[in-house]
Amino acid sequence: MKQERKKILIIYTGGTIGMMKTRHGYAPQKEKFHQLLDAIPELKAEGMPEWEVADMDPLLDSSNITVREWNTIGSMIAGNYDRFDGFVILHGTDTMAYTASALSFTLQNNNKPVILTGSQIPLCEIRNDARDNLITAMQVAADDRVHEVCLYFGGKLLRGNRSIKYSADDLIAFESPNFQPLAEVGIEIRYNTPALLPARKEPFSLQSLKSVPIGVIKVFPGIQFELFDSIMTERLKGIVIETFGAGNIPGSADALLPIIRKASENGTIIIVCSQCPHGTVALGAYETSEALRNAGAVSGYDITTEAAVAKLYYLFSCGMDERAIRLRMEQSLRGEMTVS
């Protein structure tokens with residue numbers, strides 16, 4: 001008996017993969033990109049899933065992606081969840097890790113493959129990485145072993161909320177510095193089965209995000225923390241502080257601690273992440289980080305800034321008060337982070 005082909009929805013958001021040359025540089029052109037997709041014989045080969053394309057309107061360079069577009073993509077998936085076996089999201093590389101992180105939280109109890117991919121070179125060019133990324137992402141999206149939001153790029157399948165953009169020039173553009181790849185692709189797709197999330201029993205649902213005020217501060221030698229005092233108001237819901245090493249700040253940061261204390265008292269959630277891609281924040285391991293913890297900051301452990309930002313948007317969109325959000329954040333960030 002012939003096995004029924006899986007059905008995949010390709011959601012085209014814009015980005016380099018579908019751009020064409022214009023007088024003003026590369027820009028997305030929907031009709032021409034659809035023609036290029038239709039001309040790829042591998043997408044119609046035996047063993048490949050059936051597929052349809054849905055376009056986000058307008059198509060965007062990923063540097064212009066906002067919370068609104070995250071909600072749009074989530075709604076496109078939720079509205080088609082029962083019709084398709086998996087989803088491939090074609091996305092620009094600059095903010096792909098942010099979108100992957102956000103979707104991992106908003107698509108609650110997701111049991112289907114949601115694979116983000118794109119390219120460093122447009123599909124319209126003779127030499128490109130778009131074709132392989134797209135074909136492999138389609139094969140992963142049709143695999144019953146994957147039950148989560150992932151990012152596929154340059155031969156690696158990464159957990160969505162563990163990924164970062166690593167290079168603007170190389171074809172291997174993304175890494176997962178603190179969590180092993182879910183699959184590596186060579187002659188075959190080799191899944192790291194123990195690392196894959198199990199299927200969920202609870203029903204799928206979508207949590208839309210609110211565009212709440214969130215900030216990111218990167219610590220650097222000589223930083224004048226008092227310049228940030230004016231933004232630490234009750235309006236600021238969350239802030240991610242990228243510190244040195246394992247959570248350290250300059251010993252002369254006397255101006256920062258009162259600011260953080262003030263923000264915490266106002267209900268702002270402060271997450272401390274490391275500027276080092278690989279490693280773990282351990283507040284209290286050094287004297288210079290103990291003060292952050294005492295001032296009310298929460299350790300981001302080994303998560304990425306992208307995931308921390310997306311997690312803040314998510315938790316503030318769930319209708320919980322500040323104390324519940326802080327508790328939930330500390331619980332979910334302790335140890336290895338998944339999509340919980």
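Reader: Let's start with the backbone. In which loop does N109 lie?

Author: Keep in mind that this is a predicted model. Most residues other than glycine have a negative phi. As for the place, N109 sits in the loop between strand 6 (107–108) and strand 7 (114–117).

Reader: And Y301, where is the place of that one?

Author: Y301 is another residue with a positive phi that is not a glycine, with a value of about 50°. Its place is the loop between strand 18 (298–299) and helix 7 (305–317).

Reader: What is omega for the peptide bond that joins D57 and P58?

Author: Most peptide bonds are trans. The one here is cis, and P58 has its place in strand 4 (residues 50–60), with D57 joined to P58. Omega for that bond is about 5°.

Reader: Which residues make the contact, and how do they split by class?

Author: Helix 2 passes helix 3 in a right-handed crossing. W70, I73 and G74 come from helix 2, while Y98, T99, A102 and L103 come from helix 3. By class that gives five nonpolar, two polar and no charged residues.

Reader: Helix 3 also packs on helix 7. Which residues of helix 7 make that contact?

Author: The axes of helix 3 and helix 7 are 8 Å apart at an angle of about 40°, so the two are oblique to each other. The crossing is right-handed. On the helix 3 side the contact uses A97, Y98, S101, A102 and F105. From helix 7 come E306, A307, V309, A310, K311 and Y314.

Reader: How do the residues of the contact of helix 7 with helix 8 divide by class?

Author: Helix 7 and helix 8 (residues 322–333) pack at about 140° with axes 10 Å apart, which makes helix 7 oblique to helix 8. In this contact K311, L312, Y314, L315 and F316 of helix 7 meet I325, R328, M329 and S332 of helix 8. The division is six nonpolar, one polar and two charged.

Reader: I214 next. Which residues is I214 in contact with, leaving aside its neighbours within four places in sequence?

Author: I214 lies in strand 15 (residues 214–218). From I214 to I269 there are 55 residues in sequence and 9.4 Å in space, C-alpha to C-alpha. With sequence neighbours within four places left aside, the contacts of I214 are L236, G238, V309, L312 and Y313.

Reader: Last stop, the second largest pocket. Which lining residues are closest to its centre?

Author: That pocket holds about 250 Å³ of space. Its lining has 17 residues, divided into seven nonpolar, six polar and four charged. Closest to the centre of the second largest pocket are S274, Q275, C276, P277 and T305.

Technical notes
Residues numbered from 1 in each chain as written. Predicted model: local features only at pLDDT ≥ 70, side-chain atom pairs only at ≥ 80, totals over all residues. Heavy atoms only, no water. 1 Å grid on protein atoms, 1.4 Å probe; cavity = no way out; pocket = protein on both sides within 12 Å on 5 of 7 lines; lining within 4 Å. Points joined across faces, edges and corners; volume = space filled by probe spheres on them. Nonpolar A, V, L, I, M, F, W, Y, C, P; charged D, E, K, R; others polar. Left-handed = near helix turned anticlockwise from the far one by under 90°. Helix = DSSP H or I, 4+ residues; strand = E, 2+ residues; numbered from the N terminus. Contact = heavy atoms within 4.5 Å. Axes fitted to C-alpha atoms, helices over the stretch in contact; angles between N-to-C directions. Parallel < 35°, antiparallel > 145°, perpendicular 65-115°, else oblique.
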